[in-house]
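Please keep the sequence and the structure at hand while reading.

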Amino acid sequence: MELTQPLTDMQTRLAAEIDARRDDLTLLTQELIRIPTLNPPGENYRDICDFLDRRLSKVGFQTELVRAHGAPGDCEAYPRWNIVARREGNRPGECVHFNSHIDVVDVGKGWTTDPFGGELKDGKVYGRGACDMKGGLAASIVAAEAFLAVVPDWQGAIEISGTADEESGGFGGVAYLAEKGYFKRVDHVIIPEPLNVDRICLGHRGVWWAEIETHGEIAHGSMPFLGDCAVRHMGAVLHEMEQTLFPALAQKRTDMPVVPEGAKQSTLNINSLHGGQEEIPRDSTGLPSPCVPDSARMVIDRRFLIEENIDEVQAEITGVLERVKAGREGFSYDIREMHRVLPTMTDKSAPVVTTVTQAIRETLGKDPDYVVSPGTYDQKHIDRIGKLKNCVAYGPGILDLAHKPDEYVGVDDMVASAKVMAFSLLTLLGPPQTP
């Protein structure tokens, strides 16, 4: 759909205000990148929350710093800090909440720029977390600030949160806030994850993580016939997966608009595999002792579709193990669930979806694509714990760059997404508009 309606006077002023804040948006993104909030272990969470506190307090937000006591990973060395900022309008109304995670993943190898330098080059800001998702956080802040500067008479409330640990499940961040009731006062949620500026992400696939352990008997490596090799037993499990499970998963397809195309089927990743004694340190010059391994462990990452049942997902894995057990002498195993998330997808008719859709049309002159993420993000907690279905992911950045070396976010994309967010605020909270 091409843009056919002219912008209102308020929209025109709002877009101009965001254009005028382009350099500030760029600098804010750089400043956020330069706070290395690595997870694991969870570094500098309080520092970035303090930074956001100073920024948002200046424009009238009431801020609250919330530590997720007792959450996974929370400790005195690495406390799980979050910030929730709220600005009330002139009259009662609905609340629009922008949620961004503050943590970033490990840097990894292959960078040609400083991962925490925030370098600006050719209209792109580089650094770990640039697109996932400090560029989105910056865009939501500038969108809100521009809205406050241009629209004096508005209703309801705006909230901006910076939350911990999304990259490791979000239990010290959005899950904790949802358990404490923070989303009971919220009506609309926009999560500025990097799904591209012309796409709205409605939800995500499900995930089931488990650890499989096969058992054996230790013996001297020169006489393996006196023991029972757990690694060989695990090899039989892998063989059975290759023969039966992977082909079966490839046949399962979804009607969810999952991107990329390969994620429209069920998938299984072997996340890690280890057997035998612990590996010796890389800088050691010693040799391992000759032992038959009595244990092998594999962590699996099963991503499933909204059409699948979690019980069936688990039964497929135990089915593999039981088939191996039936045909292999001495085979025994344990399986331990590590993590589960059910699939979620917001309806395209939900108010936040129709509002962001219209804002994209007004900003970019086209209809958005509706997509579903191959991996999970914090919408799972807003949906399941917060009981709020009216939630989408929308933000700047290219999804394929997340967690990669030389990660970047385009300044033009941040400006465009800030306009979409600001126009959404205008629709949901602003005064009636006239052309």
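Strand β5 (residues 124-126) pairs with β16 in the antiparallel sense over three bridges, where two strands count as paired if DSSP finds at least two bridges between them, and where helices (H or I, at least four residues) and strands (E, at least two) are DSSP runs numbered from the N terminus. Within this pairing, V125 has V409 of β16 as its bridge partner. The model is a predicted one, in which local features need pLDDT of at least 70 and side-chain atom pairs count only at pLDDT 80 or more, while totals for chains, interfaces and linings use all residues. Residues are numbered from 1 along each chain as its sequence is written, and side-chain values use heavy atoms, with hydrogens and water left out.

The two strands belong to an open sheet of three, ordered β4-β5-β16 with antiparallel pairing. Because β4 (120-121) and β16 (408-410) each have a single partner strand, they stand at the edges, and one side of each is left without a neighbour in the sheet. Helix α2 (residues 22-33) lies across β4, β5 and β16 and runs at about 10° to β5; axes here are lines fitted to C-alpha atoms, for helices over the stretch in contact, and angles run from 0 to 180 degrees between N-to-C directions. Helix α4 also packs on this sheet, touching β5 and β16, and its direction makes about 45° with that of β16.

## The nonpolar cores

The largest nonpolar core has 70 residues, and those with the most contacts inside it are F147 and I158. Such a core is a set of buried Ala, Val, Leu, Ile, Met, Phe, Trp, Tyr and Cys residues joined through side-chain atoms within 4.5 Å, and buried means under 20% relative accessible area, with exposed over 50% and partly exposed in between (1.4 Å probe, protein chains only). Helix α4 (residues 130-150) gives the most to this core, with 13 residues. A second, separate core of 25 residues includes M133, A157, A178 and V189.

Leaving out residues up to four places away in sequence, F147 touches L14, W154, I158, A422, L425, L426, L429 and G430, contact meaning heavy atoms within 4.5 Å.

## Helices α1 and α10

Helix α1 (residues 9-20) and helix α10 (residues 411-429) have axes that come within 10 Å and cross at roughly 145°. On the α1 side, M10, Q11, L14, A15, I18 and D19 take part, meeting V415, A418, K419, A422, F423 and L426 in α10. Among these residues, L14, A422 and L426 are also contacts of F147.

## The four-stranded sheet

A further open sheet has four strands in the order β10-β11-β9-β12, and its pairing is antiparallel. Its edge strands are β10 (267-275) and β12 (333-341), each of which pairs on one side only, and the twist averages 15° from one strand to the next.

Strand β9 (residues 206-215) pairs with strand β11 (residues 295-304) over ten bridges, with F304 of β11 as the bridge partner of G206. Helix α6 (residues 230-250) packs on the sheet and touches β9, β10 and β11, its direction making about 15° with that of β11, while helix α7 (residues 310-327) touches β9, β11 and β12 and makes about 160° with the direction of β12. The pairing of β9 with β12 is antiparallel over eight bridges, and R340 in β12 is the bridge partner of W208. Seven of the ten residues of β9 are buried, so this strand is largely enclosed by the rest of the structure.

## Two buried polar residues

R303 is found in strand β11 and counts as buried at 16% relative accessibility. A polar contact of 2.7 Å joins its side chain to that of D301; the term denotes a pair of N or O atoms within 3.5 Å, of which, within protein, one must be able to donate a hydrogen and the other to accept it, and residues adjacent in sequence count only if both atoms are side-chain atoms. Neighbours within four places in sequence aside, R303 is in contact with residues including R205, G206, W209 and T376.

T344 lies in strand β13 (residues 344-345) and, at 4% relative accessibility, counts as buried. The side chains of T344 and D383 are joined by a polar contact of 2.4 Å. Beyond four places in sequence, T344 touches L202, G203, H204, M256, Q379, D383 and R384.
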